Amino acid sequence: MNTKKAGKAKANTKKKEKTYPKPSWVLDSAEEELCPDCFKVVGSRSRYQLVCLLGKAGEGMTVTELTAKLELQQPTITHHLNVLRSVDAVTSVDSGRERIYSLNREAHCFDECKIPF
Ligand SMILES: [Zn+2]
């Protein structure tokens, strides 16, 4: 389930990637220009909200818990979580029938592009 792809292998090939302006809903401490991966993380306000929620949750949260906090449908949340996972911003572990999502604080977007959560 936990595929570790792209991220590392790609990182040192090209430095000149396109950047994106920081969306208005992202707090000030983030870089003004975000790389494509980071833009994926916060380019949608809902995803940024997810990142903030997970950032505050010490032990990770289930989709059910996240759904209760955000005004979004469960499939939408699952979709956003999958996008976040695709750039390594969140990790997940299965626990019984639930899957628990946590923020990957080591992720490039929080470290290098300083996306606050
Ligand atoms: Zn970045």
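Select the zinc ion: Cys 35 (SG), Cys 38 (SG), His 108 (NE2) and Cys 113 (SG) coordinate it at 2.1 to 2.3 Å. Donors here are N, O and S atoms within 2.8 Å of the metal (3.2 Å for Na, K and Ca), and sites may look incomplete because water is not among the atoms. This is a predicted model, in which local features need pLDDT of at least 70 and side-chain atom pairs count only at pLDDT 80 or more, while totals for chains, interfaces and linings use all residues. Residues are numbered from 1 along each chain as its sequence is written, and side-chain values use heavy atoms, with hydrogens and water left out.

Display the angles at the zinc ion next. The four donor atoms subtend 90 to 131°, so the arrangement is tetrahedral (four donors, all angles between 85 and 135 degrees).

Now select Cys 38 and Cys 113. Cys 38 sits in helix 2 (residues 36-42) and Cys 113 in the segment after helix 6, so the pair ties together parts 75 residues apart in sequence. Helices are DSSP runs of H or I with at least four residues, strands are runs of E with at least two, and both are numbered from the N terminus. Cys 38 is buried, at 0% relative accessible area; Cys 113 is buried too, at 9%. Buried means under 20% relative accessible area, exposed over 50%, and partly exposed in between (1.4 Å probe, protein chains only).

Move to Lys 114, also in the segment after helix 6 (108-111). Its phi is near 55°, a positive value in a residue other than glycine. Lys 114 is partly exposed, at 41%.

Finish at Asp 88, in the loop between helix 5 (74-86) and strand 4 (90-95). Asp 88 has a positive phi of about 70° and is partly exposed, at 36%.

Key: Tetrahedral: all angles 85-135°; square planar, octahedral: opposite > 155°, others 65-115°.
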